[in-house]
Amino acid sequence: MHYKIFCDESNHLKYKTKTNFTLSSHIMVLGAICVPSSSMAFVNRYIKFLKHKYNYQKELKWTKLTFSQKQFYSELIDFFFDSVDLRFQALVVPNKQELEHDKYNQGSQDIFYYKMFYYVLRNLLRTESRAEIYLDYKDTRCAPRMKELERVLCHEYKQIKCFTVRSHESCLIQLTDLLIGAIAYKARDDIDHMSKIKNYIVQKLEQKTNIQLEQGTPPWETKFNIFRIQLGKSR
């Protein structure tokens, strides 16, 4: 099979407030949607059809959801679960602030980031897979890390190519953002969880999957898989 895989991340970096105080959630979520190349045109057409149906003209982002577009989000989630061609894999790091990058990642959180994406992609690929992997453009440093990820994957899989793409150019990166956003939101204990639209999407996903998003899924789940990885300080 020939696949296309679209990747995104949530809370992978620290950020600065206006007072220059560094903040970061302790939860990090990486995710990817996999689709056969032969189905790519139909998937894109249908998502664009839904956007046109609901006059949704902006980029779909978890951080910019509006309750007035509740039905659009609902139909988009239904489309994902009704489609036999779409598969989703997420990896949750629940204790990001305890990571020892100096010891294990040459002092770089970017190296850790791409290590974790290897585990995301590994569950979507088979030995004989051919795949193009599209990662959301992060910054000017992502190209060498992306090529290193490609090199590592090619040791195990036959034909792998990695590319960067900006999220507004890809409907499936935007859908990935929605799914991992819901997972990160449910898993976080440092926020008030008062958003009606975000709670609605979390509840819909939990009804569709019959799981609690913060708990993860069994390893044999292939449609919508959440892998919680435990990485803590060495003793």
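Cys-162 is buried, at a relative accessible area of 2% (buried is under 20%, exposed over 50% and partly exposed in between, with a 1.4 Å probe and protein chains only). The structure is a predicted model, in which local features need pLDDT of at least 70 and side-chain atom pairs count only at pLDDT 80 or more, while totals for chains, interfaces and linings use all residues. Residues are numbered from 1 along each chain as its sequence is written, and side-chain values use heavy atoms, leaving out hydrogens and water.

The protein chain contains seven helices and eight strands (DSSP runs numbered from the N terminus: helices are H or I of at least four residues, strands E of at least two). Of its 235 residues, 53% count as buried. Taking contacts (heavy atoms within 4.5 Å) between residues at least 6 apart in sequence, 74% join residues at least 24 apart.

To return to the cysteines, Cys-154 is partly exposed, with a relative accessible area of 34%. Cys-162 takes part in no disulfide, as the nearest cysteine sulfur, in Cys-154, is 7.4 Å away. A disulfide is counted when a pair of cysteine sulfur atoms lies within 2.5 Å, and by this rule the count is zero. For Cys-154, too, the closest cysteine sulfur is that of Cys-162, and the 7.4 Å gap is too far for a bond.

Cys-162 also turns up in the surroundings of Leu-153. This leucine lies in helix α5 (residues 142-156) and is buried, with 0% relative accessibility. Neighbours within four places in sequence aside, Leu-153 contacts Tyr-118, Leu-121, Leu-125, Ile-133, Ile-160 and Cys-162. Leu-153 and Arg-122 are 31 residues apart in sequence, yet their C-alpha atoms are 8.3 Å apart in space.

Beyond its neighbours within four places in sequence, Leu-172 is in contact with Phe-6, Ile-33, Val-35, Met-40, Val-43, Ile-47 and Leu-86.

Helix α2 has 13 residues and spans 18 Å from first C-alpha to last, close to the 18 Å expected at 1.5 Å a residue (1.5 Å times one less than the number of residues). Among its buried residues are Phe-72, Tyr-73, Phe-79, Phe-80 and Phe-81. The buried residues of α2 pack against α1, β5, α6, α7 and β8.

Two helix pairs involving α6 can be described by their axes (lines fitted to C-alpha atoms, for helices over the stretch in contact, with angles from 0 to 180 degrees between N-to-C directions). The axes of α1 and α6 are 10 Å apart, at an angle of about 70 degrees. This makes α1 roughly perpendicular to α6 (65 to 115 degrees; under 35 is roughly parallel, over 145 roughly antiparallel and the rest oblique). The contact is formed by Met-40, Val-43, Asn-44, Ile-47, Lys-48 and Lys-51 of α1 with Cys-171, Leu-172 and Gln-174 of α6. The axes of α6 and α7 cross at roughly 100 degrees and come within 10 Å, which makes this pair roughly perpendicular. Here Leu-178, Leu-179, Ala-182, Tyr-185 and Lys-186 of α6 meet α7 residues including Ile-201, Val-202 and Leu-205.
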